[in-house]
Amino acid sequence: MNIFLHCDRLRFVTCLGAILILSNSLMAQELEKSTSKALLSAFEKTPFTHPNIPNVAFAGAGFGDPLPSPKVVANVKTEGAKGDGKTDDIDAFVKAIEKAKSAGGGAVLVPAGEYKLSKVLWINGDGVVLRGENPLKSILLFDQPVSKMVPGVSGAWFGGAIWIGPNQPAPEVDVSMPDETIRVTAPAKVGDFSVQVDPADAAKLKAVVGKMTQMTWVGDMSLVKHIAGHPSMDAYNWNSWSALSSGKLNWYWANEIVSVDGAKVTFKKPLRLDIQPDWEVTIATQSTFLIGAGAENLMIRYPVTKKAAHLKEPGYNGVLFERTAHCFARNIVMENVDVGINFSDNAVNCTASGFNIRGRENHHATAMRNFSHDNLLEHFKIESKPHHGLNTEGVSSGNVWRDGEMLNGTFDSHCMMSFDSVRTNIKLNNTGGPGGAGHHGPFVGRRMTHWNITVTNNKGEWVAQPAIMPSGAIVGIRGTELEMKATKLWHLPDGLDKGCVIADIGSAPVVPDLYEAQRKIMKLSPASK
């Protein structure tokens, strides 16, 4: 080899490395720097309007209060289940669930055994909880995917073997405006707990006091940009988003009405968005949510199959929450699933706690879809190999993923502009990627926060990437440097500076769990351990 040519190559590589380091350094200087202590202090002073950190303190079933433990009112073995792993026990499960529903709620006991089931388990009664002894003893065996058990369902991203919701299991439908609503008549701000309505209409809301009811925002590009969160998002090709084909965005949320006093309607949760004069904001006069149902201490087991091609997965799926409020899945193990836990169709204030997803390669570990808000996923372990990971999409907001370990996967935002959500106190081997079609809108919107994240494979993309988090926050990331890629981004305009604040990179933040810290600040019950 020519020694002089070799030296020239070495000098070129060295110079190129220096240029890249300098370039990254200059780009990093464009980002807002802070500390976790300063951010938390500022949040405490303005807990609803912090420019980068959303208030997620009310996330979870019961708005984050301890999960219920209802008394046993039915037993699947009393209704004829064998639990021998061979007999189809679906009829006994259906009878036991109906018995609990007729009793006005309560637990359906699933004693130790292996229960073969030929259909999805539809839990459709308020307060009905399917309860095993523990996941290693009470095992539900499904040998068919959801698309076979519920014809027409696209199991790649929807449906569950345990189907929790008020509506008969069927293919997914879009959330829509309720038939009977009244209009909010005065402006309000993010963080407000009350709104004004016409006094003549207020009486129509008396029937839903103490219940979760749907709210709808209909607005033009000013509403869209309110959610997008940063001026840099103006450069996005908004005409490409199919949800804006009418020129307006419909955004669906839900809140619990605490009281109606004259024209004043008071809610349990603070408003997630402003209410402006140019937007039509309505409140439904009926509640259509399933309340307080759940499943716990069970294993969902499918046979070992080879993962189907991407988006062709038939739906070997775990738990689905559809049109639910204050529902939960606790201490559930899911083996060989395509999608582990799925929130859809305005699933709000639900909790998945202590779950484990294991087995073969799969599509989503968890999915947050179709206007699902203020849900809590905690104390989880993902041992399988998801193509994506912790998914969010469908303009969902206020969701929290906390205290988890991911042996594979990533923080997957699947377009459709999810916003105001927190991933905190998570350790992950960052191996997955994002998704979402070109007509599905921006990767994310405002105030997505990653707080106290440990990456085990030195890959910062999707987790510690400021250019994909408009008005977001990356705090206490360890095990990787910031990913400074700022061009050819996944469904976002180019540019590094989108208002994302950076703090405590390479060190632990002042508090390990942002959700737990926020509940303390808001003087709410302690987060579960």
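Contact denotes heavy atoms within 4.5 Å, and helices (H or I, at least four residues) and strands (E, at least two) are DSSP runs, numbered from the N terminus. The structure is a predicted model, in which local features need pLDDT of at least 70 and side-chain atom pairs count only at pLDDT 80 or more, whereas totals for chains, interfaces and linings use all residues. Residues are numbered from 1 along each chain as its sequence is written, and side-chain values use heavy atoms, with hydrogens and water left out.

Helix α6 spans residues 221–228, and its buried residues (under 20% relative accessible area, with exposed meaning over 50% and partly exposed in between; 1.4 Å probe, protein chains only) are Leu223, Val224, His226, Ile227 and Ala228. These buried residues pack against β12 (212–219) and β13 (249–261). Just after α6, Gly229 adopts a positive phi of about 95 degrees.

Strands β12 and β13 belong to an open sheet of six strands, with the order β10-β15-β12-β13-β14-β11 and antiparallel pairing. The edges of this sheet are formed by β10 (181–183) and β11 (194–196), each of which pairs on one side only. From one strand to the next, the twist averages 40 degrees; such angles run from 0 to 180 degrees between N-to-C directions, and axes are lines fitted to C-alpha atoms, for helices over the stretch in contact. Two strands are taken to pair if DSSP finds at least two bridges between them. Between the antiparallel strands β12 and β13 there are eight bridges, and Thr213 has Asn255 in β13 as its bridge partner.

Six bridges join β31 to β32, and Lys427 stands opposite Thr454 in β32. Five bridges connect β32 with β33 (residues 473–478), and these two strands also run parallel. Here Thr449 has Ala473 of β33 as its bridge partner. Strand β32 is largely enclosed by the rest of the structure, because six of its seven residues are buried.

Salt bridges (a side-chain nitrogen of Lys or Arg within 4 Å of a carboxyl oxygen of Asp or Glu) number 21 by this rule. In one of them, Asp420 is joined to Arg447, with the closest N and O atoms 2.9 Å apart. Asp420 and Arg447 are both buried. They also take part in a network of salt bridges that links them with Lys269, Arg272, Asp374 and Arg446.

A further salt bridge is formed by the side chains of Asp513 and Arg402, at 2.9 Å from N to O. This pair links distant parts of the chain, 111 residues apart: Asp513 is in the loop between β34 (501–503) and α7 (514–521), and Arg402 is in strand β29 (residues 400–406). Asp513 counts as buried because its relative accessibility is 3%, and Arg402 likewise counts as buried at 2%.

Glu335 forms a salt bridge with Arg358, the closest N and O atoms being separated by 2.8 Å. Since Glu335 lies in strand β20 and Arg358 in strand β23 (residues 356–358), the pair ties together parts that are 23 residues apart in sequence. Glu335 is buried at 13% relative accessibility, whereas Arg358, at 26%, is partly exposed.

Asn336 occupies the loop between β20 (328–335) and β21 (339–344), and its relative accessibility of 7% places it among buried residues. A polar atom of the Asn336 side chain lies 2.9 Å from the backbone oxygen of Tyr302. With residues up to four places away in sequence not counted, Asn336 touches Tyr302, Pro303, Val304, Tyr316, Arg358, Gly359 and Arg360.

Two packed helices are described by the angle between their axes and the distance between the axes. The axes of helix α2 (residues 36–45) and α7 come within 11 Å and cross at roughly 35 degrees. This crossing is right-handed, the near helix being turned clockwise from the far one by less than a right angle. The contact involves Leu40, Phe43 and Glu44 of α2 together with Leu514, Ala517, Gln518 and Ile521 of α7.

Definitions and conventions. A polar contact is a pair of N or O atoms within 3.5 Å; within protein, one must be able to donate a hydrogen and the other to accept it, and residues adjacent in sequence count only if both atoms are side-chain atoms.
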